[in-house]
Amino acid sequence: LTAIALQLRTVGEFADGWAKEPRHHLSVASRTLASCRDELRNCLWDLRHNTLDLNDLTEAIRMTVSPHIGTAQLTVRFDVARRLLPENVAHAVLQILRELASNAVRHGGATEIKIAGKLDGNVLRFSVRDNGCGFSPDAAPGMEDGHFGLLGVRERTEKFEGSLDIESAPGKGTRIIASLLLENEST
């Protein structure tokens, strides 16, 4: 992947005289590759760390998110006992939170991130709030632009019959609320 990234960068150095459309596709390919590298890095991190083995979900969240947010201040209030979440749910939650927090810093320039969560019957609700620059959710870059973060988060929530609500506007920070339906114990 690194070799491909270097090749794309080299081709990009010759792209100044190109028409706009080929330059756009080259840019999308570069961002797509960067996203794939990030996702692979996250998968390898997940394999090497025992965050899912922790009994304290708040600590697991801190361990998962902290390496991806630099110097941003992180506050976590996740009032859910780890034992109440199946492995696949706990893993999805950590992936979602990591993506949302890193997006807040990378794209929003956030310096403060607040994560909260609670269990309401068989629905897990959690949120990520930041003090970043905000954005217009309707105009957020997507897959066609080489951005897969929010799409991946949305797909993970839908896997659990959940939802994702985005509250943001330019200059206002962002709050993203996710809900996941846990399987009913009696079924």
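Biologist: What percentage of the 187 residues in the protein is buried?

Modeller: Buried means under 20% relative accessible area, exposed over 50%, and partly exposed in between (1.4 Å probe, protein chains only). Here, buried residues make up 37% of the 187. Before we go on: this is a predicted model, where local features need pLDDT of at least 70 and side-chain atom pairs count only at pLDDT 80 or more, while totals for chains, interfaces and linings use all residues. Numbering runs from 1 along each chain as its sequence is written, and side-chain values use heavy atoms, with hydrogens and water left out.

Biologist: What pattern does the protein follow along the sequence?

Modeller: Helices (H or I, at least four residues) and strands (E, at least two) are DSSP runs, numbered from the N terminus. This protein has 5 helices and 5 strands, in the order α-α-α-β-α-β-β-α-β-β.

Biologist: Okay, cores next. Which residues have the most contacts inside the largest nonpolar core?

Modeller: In soluble globular proteins, nonpolar side chains tend to be buried together. A nonpolar core is a set of buried Ala, Val, Leu, Ile, Met, Phe, Trp, Tyr and Cys residues joined through side-chain atoms within 4.5 Å. The largest one here has 34 residues, and those with the most contacts inside it are Ile61, Phe78, Leu97, Ile113, Ile115, Leu124 and Phe126. At least two of its residues come from each of α3 (57-65), β1 (73-79), α4 (87-106), β2 (112-120), β3 (123-130) and β5 (174-181). The largest share, 10 residues, is from α4. There's also a second, separate core of 5 residues, including Ala5, Leu8, Ala15 and Leu26.

Biologist: Which residues does leucine 124 touch?

Modeller: Contact means heavy atoms within 4.5 Å. Leaving out residues up to four places away in sequence, Leu124 touches, among others, Phe78, Val89, Val93, Ala178 and Leu180. Across the protein, of the contacts with a separation of 6 or more, 64% are between residues 24 or more positions apart.

Biologist: And backbone angles? What is phi of glutamate 161 near?

Modeller: Most residues other than glycine have a negative phi, and most peptide bonds are trans. Glutamate 161 has a positive phi, near 50 degrees. Its place is in the loop between α5 (149-159) and β4 (163-168).

Biologist: Why does glutamate 161 count as exposed?

Modeller: Because its relative accessibility is 65%.
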